[in-house]
Amino acid sequence: MLSPTPPIITPPRVPLVDPRTGLIARAWYLFFLSLNRATTAIIDESGITFSAESLVASVESELQTLAQTLETQPSVNGLLSQIADLQKQVEALQLQPAGLLDQIAELQKQVQALELTPSFDFGTMAFENIGISGTAALAKITALGADGSLTFTDGIITAYVAPT
């Protein structure tokens, strides 16, 4: 197998177009000519042949593939309506944060109010005579996260809140 002469690479400082003539520069012309000769030598040695029918068939095949790809793409009108829907959703979302921030602030106030408000769970007790003795639980108290109780013992009402 005969190896073709390698092309001489034109340095990048040489412009592709000669500024004096407006034509391709001589160095670049020789470079492309050497590429053509090397390619031709390789094709001639390998016995590859090209026919117009095979070239036309390959071009037609590529055009059919391109046509099928374009047919499967969504229409522009469909895309425009999707874009419009997305823009409406974005605008709606932009309006929500202000309302959500107000709701969060209100909820925080309510939670703080619940933490500060003591809750009482009262039982009932009926006194029929003054001579009651013993102990009776009157209420369970929850305040500021602590539990406590309200009891009646031998005529004395006692309130107790457990330390936190």
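What pLDDT does the protein average, and what share of the residues score at least 70? The model is predicted, and the protein averages a pLDDT of 75, with 68% of the residues scoring at least 70. Where pLDDT is low, the predicted coordinates should not be read in detail.

Next comes the overall layout. The protein contains three helices and four strands. Read from the N terminus, their order is α-α-α-β-β-β-β. Of the 164 residues in the protein, 9% are buried. The protein exposes about 14,000 Å², and 63% of that area is supplied by carbon and sulfur atoms. Among contacts with a separation of 6 or more, 17% join residues 24 or more positions apart.

Is serine 34 buried or exposed? Its relative accessible area is 17%, and the limit for a buried residue is under 20%, so serine 34 counts as buried. A polar atom of the serine 34 side chain lies 2.7 Å from the backbone oxygen of phenylalanine 31. Beyond its neighbours within four places in sequence, serine 34 is in contact with Pro7 and Ile8.

Leucine 30 is also part of helix H1. With a relative accessible area of 39%, leucine 30 is partly exposed, because this value falls between the limits of 20% and 50%. Leucine 30 and threonine 10 are 20 residues apart in sequence, and their C-alpha atoms are 8.7 Å apart in space.

Which residues make the nonpolar surface patch of about 620 Å²? The patch is made by Leu16, Val17, Ile24, Tyr29, Leu30, Phe32 and Leu35. One of these residues, isoleucine 24, is found in the segment before H1. Isoleucine 24 has 41% relative accessibility and therefore counts as partly exposed.

Charged side chains come next. How many salt bridges does a search of the whole structure find? The search finds one. It joins the side chains of arginine 20 and aspartate 18, with a distance of 3.4 Å from N to O. This distance meets the requirement for a salt bridge because the limit is 4 Å. The two partners can be compared by their accessibility. Arginine 20 is exposed, at 75% relative accessibility, whereas aspartate 18 is buried, at 15%.

The last stop is strand E4, which covers residues 156-161 and includes tyrosine 160. At 48% relative accessibility, tyrosine 160 is partly exposed, because a residue must be over 50% to count as exposed. Tyrosine 160 and glycine 148 are twelve residues apart along the chain, and their C-alpha atoms are separated by 5.2 Å. Tyrosine 160 is in contact with Gly148 and Ser149 when its neighbours within four places in sequence are left aside.

Methods:
Residues numbered from 1 in each chain as written. Predicted model: local features only at pLDDT ≥ 70, side-chain atom pairs only at ≥ 80, totals over all residues. Heavy atoms only, no water. Buried < 20%, exposed > 50% of the residue type's maximum accessible area, 1.4 Å probe, protein only. Polar contact = N/O pair within 3.5 Å; in protein donor to acceptor, adjacent residues only side chain to side chain. Contact = heavy atoms within 4.5 Å. Helix = DSSP H or I, 4+ residues; strand = E, 2+ residues; numbered from the N terminus. Areas by Shrake-Rupley, 256 points an atom, 1.4 Å probe, with all protein chains shown as cover. Patch = residues over 30% accessible without salt bridge, like charges linked within 9 Å, V, L, I, M, F, W, Y side chains within 5 Å. pLDDT = per-residue confidence, 0-100.
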